[in-house]
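Biologist: I would like to learn how to read contacts, cores and sheets in a model, and I would be glad if we could go through them slowly.

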Amino acid sequence: MDIDGQVEEAARRVQVRFVTKLKPPFKAPPTSIAIPSNLTRLGLSSIVNNLLKAGKDDWNPEPFDFLIDGELVRMSLEEFLLAKGISAEKILEIEYIRAVAPRKQEEPSLHNDWVSAVDGSNSKFVLTGCYDGLGRIWKAAGSCTHLLEGHTGAVTSVCVVNPRVAQDGADQIVATASKDRTLRLWKFDADEPSDQIKRIRAYKILHGHNASVQSVAANPAGDMVCSGSWDCQIALWQASGSDTGDVVSVKKRKKDAEEEDPQVEEEAKSTLVGHTQCVSTVVWPQDEAIYSASWDHSIRRWDVELGKDSLNLYCDKVINCLDVGGEGSALIAAGGSDPILRIWDPRKPGTSAPVYQFSSHSSWISTCKWHEKSRFHLLSASYDGKVMLWDLRTAWPLAVIDTHNDKVLCADWWKGESVVSGGADSKLCISSDVCVL
């Protein structure tokens with residue numbers, strides 16, 4: 001019986017052709033071959049590597065993922081075909097792509113306290129915010145070039161203000177939000193060579209919230225920022241243009257002498273009112289629309305010109321994080337006080353129900369972020385200490401990054417192929433060579 005069973009198992013083979021959009025040296029011969037139907041992703045990856053290394057002595061094995069009819073295979077080939085009702089009688093076309101998973105972990109960059117915020121939208125540097133009240137600019141792992149000094153409370157959120165890549169010689173502008181109820185705007189030269197850390201002070205201090213500021217985001221034009229706060233309000237601020245606020249002098253010590261460092265203090269240009277609890281996250285993906293998430297269980301889209309919300313989604317959980325991206329830059333991803341990452345498509349009628357739900361985390365979700373150049377990929381971070389990479393074409397995470405040994409509080413993409421994350425272990429971690437595209 002055992003022998004017959006082995007023969008029967010060996011006889012279960014399927015004719016396949018491996019195809020790809022990848023360029024050489026990742027193109028396998030287009031001929032069809034017969035393979036065992038019980039192979040999983042790892043077995044399929046082994047076959048493709050064998051096809052690719054033919055005649056190449058220096059070939060290094062590469063992990064691959066596989067798609068059939070546009071859906072990622074996350075079970076054995078036989079189970080997938082049965083589940084999808086796909087016939088194994090004809091030649092099966094299987095597309096392979098490079099696996100979306102980090103291939104390298106950089107040395108952690110240590111902070112003095114919790115790393116609560118990170119922005120990787122500029123390819124030249126990573127911006128972090130810390131519970132020690134400082135912002136930091138990192139050009140690489142372990143290489144801090146600037147300290148942003150001035151907040152009197154923990155930094156809760158940071159953002160790079162456009163231009164995302166400043167012209168050579170032009171100052172880069174970044175914004176920070178804090179538990180001290182203020183936001184601050186900073187200028188620095190991202191290209192300036194420096195052998196030691198440069199300490200800089202904000203050129204503009206934004207006053208107006210009467211509680212901790214939880215989130216800050218810049219509009220695409222780079223001339224405005226918005227903020228969300230525990231005071232339940234969203235405030236809009238001028239980031240550039242003429243400085244019309246009150247100028248105050250802040251003394252700073254330089255080379256044992258005291259100088260007057262002028263700073264502009266400004267109030268909000270306008271406020272958006274509607275949330276009834278803490279506004280935990282704001283994003284500003286289009287100049288005319290701001291999205292916000294709140295502990296009042298709602299996600300709102302605001303018409304900037306009218307100052308009113310044009311979309312109001314209800315979730316039965318407190319919402320900690322929000323991002324807009326994916327197909328048509330229109331999908332709303334959010335996470336909160338349970339382990340489920342939810343995604344809505346507001347273009348569809350009956351939008352109140354999420355179109356995707358991912359539930360591999362084991363604790364609250366602190367961050368979610370779409371990949372800027374992919375309509376399928378996004379990341380999430382959680383208090384379970386993990387960062388997960390997702391593809392909308394499968395319900396399972398593509399990769400689980402567990403470089404932190406405490407809660408992960410923030411995460412972002414950097415340079416399109418790295419993941420940067422910060423946590424309660426006081427570390428900035430960089431996971432690189434992810435190969436999303």
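Biologist: Which residues is Tyr96 in contact with, leaving aside its neighbours within four places in sequence?

Modeller: Contact means heavy atoms within 4.5 Å, and by that rule the partners of Tyr96 include Phe18, Phe26, Val48, Leu52 and Phe66. This is a predicted model, where local features need pLDDT of at least 70 and side-chain atom pairs count only at pLDDT 80 or more, while totals for chains, interfaces and linings use all residues. Residues are numbered from 1 along each chain as its sequence is written, and side-chain values use heavy atoms, with hydrogens and water left out.

Biologist: How many residues does the largest nonpolar core have?

Modeller: A nonpolar core is a set of buried (under 20% relative accessible area, 1.4 Å probe, protein chains only) Ala, Val, Leu, Ile, Met, Phe, Trp, Tyr and Cys residues joined through side-chain atoms within 4.5 Å. The largest one here has 24 residues, and Tyr96 and Phe18 are among those with the most contacts inside it. A second, separate core of 17 residues includes Val100 and Trp413.

Biologist: What is the strand order in the open sheet of five strands?

Modeller: Strands are DSSP runs of E, at least two residues long, numbered from the N terminus, and two strands pair if DSSP finds at least two bridges between them. The order is β8-β9-β10-β11-β15, with mixed pairing. Because β8 and β15 stand at the edges with a single partner strand each, one side of each is left without a neighbour in the sheet. Within the sheet, β9 and β10 run antiparallel and are joined by four bridges, and Val126 stands opposite Trp138 in β10.

Methods. Buried < 20%, exposed > 50% of the residue type's maximum accessible area, 1.4 Å probe, protein only.
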